[in-house]
Amino acid sequence: MQKTLILLKPDAVQKSLVGEILSRFERKGLKIIGLKMIQLDDAVIGEHYDFLADKPFFPSIVSYMKSSPIVALALEGHEVVKVVRQLCGATNPADALPGTIRGDFAKSIDNNIIHSSDSEETAAKELARFFKAGELHSYERTLID
Ligand code: CMP
């Protein structure tokens, strides 16, 4: 089954949106297979946003991503990469439709609440960046119905 990596960024934590966002993923039926709060440092932010390192806004991404702990989330489900990106909405909140996470809660592209992997290949790299092998769980949902 496909897996993806989601980061609930500092503004999601500071605005008390962690439960609301987790609830949206759970209501969609996606399976939580990993969840933890982390204080990011320069090294992991630099690695995660390596492709943006030469952008003028890179220093502001680093300071934003360090401004409080974040929540890292691993989800599993059918086509979960695409499903999660639809639930998140467009990267720029000005383009994100109402009903999506960014459309409902995010302020601007530099404070856009949430990150999700953009492909299955990226997800594999990003899951390994934020979770050790033993922190991702494999289980059946036997207690429903
Ligand atoms: P994310 O999905 O985490 O992946 C890349 C991030 O770069 C993106 O969300 C935004 O937070 C950030 N980003 C992209 N463009 C800009 C911009 N013009 N100014 C500030 N941050 C940006």
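Guide: The largest pocket has a volume of about 660 Å³. A pocket here, on a 1 Å grid over the protein atoms alone, is an open set of points where a 1.4 Å probe fits, with protein on both sides within 12 Å along at least five of seven lines; lining residues have an atom within 4 Å of a point. Points are joined across faces, edges and corners, and the volume is the space filled by probe spheres set on them.

This is a predicted model, in which local features need pLDDT of at least 70 and side-chain atom pairs count only at pLDDT 80 or more, while totals for chains, interfaces and linings use all residues. Residues are numbered from 1 along each chain as its sequence is written, and side-chain values use heavy atoms, leaving out hydrogens and water.

The lining counts 28 residues, and nearest the centre lie Tyr49, Phe51, Leu52, Thr91 and His115. At least two lining residues come from each of helix 3 (42-48), helix 4, strand 4 (114-116) and helix 7 (120-130); helices (H or I, at least four residues) and strands (E, at least two) are DSSP runs, numbered from the N terminus. Helix 7 gives the most, with four residues.

By class, the lining has nine nonpolar, nine polar and 10 charged residues. Ala, Val, Leu, Ile, Met, Phe, Trp, Tyr, Cys and Pro count as nonpolar, Asp, Glu, Lys and Arg as charged, and the others, Gly among them, as polar.

Helix 4 spans residues 58-65 and includes serine 60. The C-alpha atoms of serine 60 and aspartate 110 are 7.9 Å apart, although 50 residues separate them along the chain.
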